[in-house]
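Here are some friendly notes to read with the model open beside you. Take the points in order and look up each residue as you go.

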Amino acid sequence: MNTRRGSPMHPFRSAFLATVVLHLVASAADAQQWTTLGPAPINSAQYAGRISAIVAHPTNPSLYFITGADGGVWRSIDAGATWTALTDGMPTTAMGALALDPSNPAILYAGTGEANFANHSRYGLGIYKSTDGGATWAQLAAATFAGRCFSRIIVSPTDPSTLWASVTIAGGFPSMAAAKGHPQAAGPVGVFRSRDGGVTWTQLTTGLPNLSATDLAIDPTNPLVLYAAIGHIFGSSDNSICKTTNGGDSWIRLAGGLPT
């Protein structure tokens with residue numbers, strides 16, 4: 001065996017050392033004590049997955065809803081001390097967005113698919129809607145949005161039938177790795193609008209590119225004014241902040257302020 005300083009390690013010795021390391025790691029793993037964390041509510045308060053969205057009831061300070069990145073929708077009626085899972089029986093638990101109807105907070109919308117552009121951010125299968133505070137759910141628009149993700153849902157404060165949603169690809173690296181080969185992974189993204197309470201949706205394209213919309217905000221003083229963050233995670237000349245003053249019929253790109 002060549003043992004001169006700086007010379008490569010002999011393959012046999014390298015394999016032997018690797019075997020020793022693997023044995024030590026396996027022994028350490030065997031010595032660990034494992035605790036089941038879910039999907040039942042977590043009592044130890046030591047570990048939890050990513051939280052992708054949270055909403056508070058407008059008049060009840062003890063009532064909250066959250067969505068887990070891959071844990072579905074949860075509800076707390078005691079200001080977060082305990083939580084109950086609400087959507088374990090639905091087709092997917094991957095979540096990205098959550099919204100309460102401001103005119104009727106018993107109506108809740110959950111956008112499936114975590115819009116965080118990671119290999120482990122799983123794709124969605126449409127929107128879930130509850131009209132009884134999360135007790136029961138209906139799956140909507142799966143054919144429209146399956147294979148992609150929701151970053152935000154907004155319900156009009158003056159017309160509960162009108163909703164807007166920002167939609168992204170299932171991200172990751174390489175591009176769309178999180179889509180896991182879903183046949184609709186390359187479908188339309190950007191900003192969408194519904195006029196019938198989330199049943200059907202139209203992609204808003206006048207002034208907007210077919211790129212992921214990573215966020216969406218509404219002007220609290222004028223529900224016809226919205227702002228959308230548009231862009232591809234790996235960079236694009238179309239990355240921008242866009243604005244509408246007519247509820248989404250047309251958009252303009254706001255100039256300046258962002259890096260090129």
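Does F173 count as buried or exposed? At 62% relative accessibility, F173 counts as exposed; the term means over 50% relative accessible area, buried means under 20%, and partly exposed lies in between (1.4 Å probe, protein chains only).

1. **What you are looking at.** This is a predicted model, in which local features need pLDDT of at least 70, side-chain atom pairs count only at pLDDT 80 or more, and totals for chains, interfaces and linings use all residues. Residues are numbered from 1 along each chain as its sequence is written, and side-chain values use heavy atoms, with hydrogens and water left out.

2. **Confidence.** The predictor's confidence in each residue is called pLDDT and runs from 0 to 100. Its mean over the chain is 87, and 82% of the residues reach 70 or more. Please treat residues 1-8 with care: pLDDT stays under 50 there, and the model has 4 contacts beyond four places in sequence for this stretch. A contact means heavy atoms within 4.5 Å. Where pLDDT is low, the predicted coordinates should not be read in detail.

3. **The chain as a whole.** There are 2 helices and 16 strands. Both are DSSP runs numbered from the N terminus: helices are H or I with at least four residues, strands are E with at least two. Of the 260 residues, 39% count as buried. Among contacts with a separation of 6 or more, 46% come from residues 24 or more positions apart. The chain exposes about 14,000 Å², and carbon and sulfur atoms supply 57% of that; accessible areas come from the Shrake-Rupley method with a 1.4 Å probe, and for residues only the protein chains shown count as cover.

4. Four strands lie in the order 5-6-7-8 with antiparallel pairing. Two strands pair if DSSP finds at least two bridges between them. Strand 5 (95-101) and strand 8 (138-140) are at the edges with a single partner strand each, so one side of each has no neighbour in the sheet. Neighbouring strands here are turned by 25 degrees against each other on average, direction ignored; the axes are lines fitted to C-alpha atoms, for helices over the stretch in contact, and angles run from 0 to 180 degrees between N-to-C directions. Strand 5 pairs with strand 6 (residues 104-112) in the antiparallel sense over 6 bridges, and L98 stands opposite A110 in strand 6.

5. Strand 9 and strand 10 pair in the antiparallel sense over 7 bridges. In strand 10, V167 is the bridge partner of F150.

6. **Aromatic pairs.** How many aromatic pairs does the structure hold? It holds 4. Rings of Phe, Tyr and Trp (its six-membered ring) pair if their centres lie within 6.5 Å; planes under 30 degrees apart count as stacked, over 60 as edge-to-face and the rest as tilted. The ring centres of F145 and W201 are 5.7 Å apart and the planes stand at 75 degrees, so this pair is edge-to-face. F145 lies in helix 2 (residues 142-145) and W201 in the loop between strand 11 (190-194) and strand 12 (202-203), so the pair ties together parts 56 residues apart in sequence. F145 is buried, with a relative accessible area of 1%, and W201 also counts as buried, at 11%.

7. **Back to F173.** The rings of F173 and F234 have centres 5.8 Å apart and planes at 70 degrees, so they too are edge-to-face. This pair links distant parts of the chain, 61 residues apart: F173 is in the loop between strand 10 (163-169) and strand 11, and F234 in the loop between strand 14 (222-230) and strand 15 (240-244). F234 counts as partly exposed, at 45% relative accessibility. Look next at the bond from F173 to P174: this peptide bond is cis, with omega about 5 degrees.

8. **A cluster to find.** F145, F150, F192 and W201 form one aromatic cluster.

9. **Positive phi values.** A141 has a positive phi of about 55 degrees although it is not a glycine. A141 lies in the loop between strand 8 and helix 2 and is buried, at 13% relative accessible area.
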